[in-house]
Amino acid sequence: MNHFFTGIFIMLCFSTLCKAQSGYNFSEKIALQGDGSWDYLQIDESANRLFVTHDDRVHIISLTNRKEVGTIYNLHGAHHVTVIPELNKFFVSNGKNNTVSVYNYTTLDSITTIHIDDENPDPMCYDVFSKKLYVFCDNDKAVLIDPTDNHITGTIALGGAPDFALSTGKGLIYNNLEGTDETNVIDVVKQKVIKRFPLPKHSAPTGMAFDEKNNRLFVVCRGINKMAVLDASNGKVITLLSIEGNVDGLYFDHLTKLIFCSGGSGKTTVIKQLSKDSYKVIDKLVTKVGTKTMELNPVTHDLYFAAASFVSGTNLFCQTPFVFLFLNGLAATLRHDPLKNSNFKQVG
């Protein structure tokens, strides 16, 4: 799910409840260097930093001063970063040469490269229940890696090309299949798909999130510009909400009960959870065309988006990368009383 450019920026969004219904407003952009395509952003809570995948590199940004504090080079179509602080490691999936790169979490030094005999490893998901790293590949498989010794331990047939996945941490992984309009349920003990939840025709599901308290799955459907709310037990579609186009990322903030659906059309749809089965679109944040992926800091509740500017007079992205930051005004209070016990797990 790469997004192509010859440069990227990060956009920071901040929230002041008096200015927008969601409370979020643009704050600043953080410029980054390099050419190529961007994909996932990943917050690293333990070290208070943000990873941004960017084709042949991964940018590492301090969330304290919003400066780049490190860069991983010599990658090959970097898609996603998974951090496992307790093992002092992080992993990067490389779609162009079918590998997963392993790095020291502290020093950023290379540890090894895992070669995967499957096409385009993309999203990854560390499951704390089985203590396995799941790597989802375009040839309809998930590859299982033991992150302690960096060895492949098995594969799972998915029945379709995968997109985002998340672990409940209690024995299940949910995974969207973009090509077959389904959400899979994987049993990590049996190491197989045990349920398939059908979505509306032509849904092309991408991002997802899980509300553990209410047992609800949120799935954004790029093909029909909708967000689906599913019963996580049986896959029943509770409701569908209209969202902005070309959507990819999704995040559910458990504290504020806001759901963010980032659209490559240049707008992010903000949905308020009123109850477990009642939802309302309350805002649309104006970002940039191409801002499909995002990340939310669960402590400050700030939003980060990756994007790039267009070359004047063309439909091509320019060579100045950046990250957009949208700040949350509610976080002025939350920063002094951080949410420390979030059990949210998500890829994307």
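Student: Why is Arg57 called buried in this predicted model?

Tutor: Buried means a relative accessible area under 20%. Arg57 has a value of 14%, so Arg57 counts as buried.

Student: What makes Arg57 and Asp56 a salt bridge?

Tutor: The rule asks for a side-chain nitrogen of Lys or Arg within 4 Å of a carboxyl oxygen of Asp or Glu. Here the N to O distance between the side chains is 2.9 Å, so the pair meets the rule.

Student: And why is Asp56 called partly exposed?

Tutor: That class lies between the buried limit of 20% and the exposed limit of 50%. Asp56 has a relative accessible area of 26%, so Asp56 is partly exposed.

Student: How do you know that Glu182 and Arg196 form a salt bridge?

Tutor: Their side chains come to 3.9 Å, N to O, and the cut-off is within 4 Å, so the pair counts. Glu182 sits in strand β18 and Arg196 in strand β19, 14 residues apart.

Student: Which class does Glu182 belong to, buried or exposed?

Tutor: Glu182 is buried, because its relative accessibility is 17% and the limit is under 20%.

Student: What does the salt bridge between Arg216 and Asp277 tie together?

Tutor: The closest N and O atoms of Arg216 and Asp277 are 2.8 Å apart. Arg216 lies in strand β21 and Asp277 in the loop between β26 and β27, so the pair ties together parts that are 61 residues apart in sequence.

Student: How many salt bridges are there by this rule?

Tutor: The count comes to 11.

Key: Residues numbered from 1 in each chain as written. Predicted model: local features only at pLDDT ≥ 70, side-chain atom pairs only at ≥ 80, totals over all residues. Heavy atoms only, no water. Buried < 20%, exposed > 50% of the residue type's maximum accessible area, 1.4 Å probe, protein only. Helix = DSSP H or I, 4+ residues; strand = E, 2+ residues; numbered from the N terminus.
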